[in-house]
Amino acid sequence: MILTEIPTDPRRAGLWSLHPILKAEPTAKGFPYTEGLAAADIDGDGRMDLLAGNGWLKHRGKSEFTFTAIGERGGRIAAGRFKPGPSPQVVIAPGDGVGPLVVYECTGSPTDREAWTGRNLLERPMIHGHSLQLADIDGDGNLDIFAAEMAKWQEQKTEPDHPDATAWILYDDGQGHFRPSIFSKGIDFHEARVADLDGDGDLDILDKPYNWEAPRVEVWINEGR
């Protein structure tokens, strides 16, 4: 992972100054998976920190960051407050792989890996769960989770790799308890986004596939029910 400051005159600045802040060092099991990127003030010091892979990077100042692992697996990652507390919670989905959808809560210092405890949110692992968004989808004031799987990722075949690809909305009650709801089945979600697309004040969903029935774009309009 590389950080760069935008020059005053980007078009004439030449090569930008690059600052490496996270490197995937090889381990006995290969290279760690560092997909995913998000930003949040994890430790409450007023500075915006970064999240990537399976952990977070404390912003020490300027281009200095210190990495703390949160979970065993990396992937799509996001942070938000599902319940009151000193630190936001962190959600990790498997991204380009198979694994659980997990919410992590800090019960001590955020820089202490042992202070983070995880809880699986689904009854089965996600398969190529490449969409993860946190938003108040039902408008009750509590942050919810949108998570979805890919249906196809191999280039050499025409049929889906995962024909039962599922998308979920997990509704939070404001205390970190989630009610999972199946949003769709059999549709490919790749880098989906939650946003107010029609300007009516509630949140909709924009989706495109990776290579399933592409080219294709889907807009899911929230009708308030």
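Modeller: Phe146 is buried, at a relative accessible area of 0%; buried here means under 20%, exposed means over 50%, and partly exposed is what lies in between, using a 1.4 Å probe and protein chains only. The model is predicted, and local features need pLDDT of at least 70, side-chain atom pairs count only at pLDDT 80 or more, while totals for chains, interfaces and linings use all residues. Residues are numbered from 1 along each chain as its sequence is written, and side-chain values use heavy atoms, with hydrogens and water left out.

The search of the whole structure gives 6 aromatic pairs. Strands are DSSP runs of E with at least two residues, helices are runs of H or I with at least four, and both are numbered from the N terminus.

Leaving aside residues up to four places away in sequence, Phe183 touches Phe146, Ala167, Trp168, Ile169, Phe189, Ile205 and Trp220, where a contact means heavy atoms within 4.5 Å. The C-alpha atom of Phe183 is 7.5 Å from that of Thr166, a residue 17 places away along the chain. Phe146, Phe183, Phe189 and Trp220 make up one aromatic cluster.

Some backbone details follow. Glu191 sits in the loop between strand 16 and strand 17 (193-195). Its phi is positive, about 60 degrees, although Glu191 is not a glycine, and at 25% relative accessibility Glu191 is partly exposed. His128 also has a positive phi, near 50 degrees, in a residue other than glycine. That residue, His128, is in the loop between strand 12 (126-127) and strand 13 (131-135), and its relative accessibility of 12% makes His128 buried. The peptide bond from Ala214 to Pro215 is cis, with omega near 0 degrees, and Pro215 lies in the loop between strand 18 (204-207) and strand 19 (218-220).

As for the whole chain, it has 0 helices and 19 strands. The radius of gyration is 18 Å, close to the 17 Å from the globule rule for 225 residues, so the chain is as compact as a globular protein of that length; the radius is taken over C-alpha atoms, and the rule is 2.2 Å times the number of residues to the power 0.38. The C-alpha trace spans about 45 × 45 × 45 Å along its principal axes. Buried residues account for 44% of the 225 residues. Of the contacts between residues at least 6 apart in sequence, 39% join residues at least 24 apart.

Terms used:
Phe/Tyr/Trp six-rings, centres within 6.5 Å; stacked < 30°, edge-to-face > 60°.
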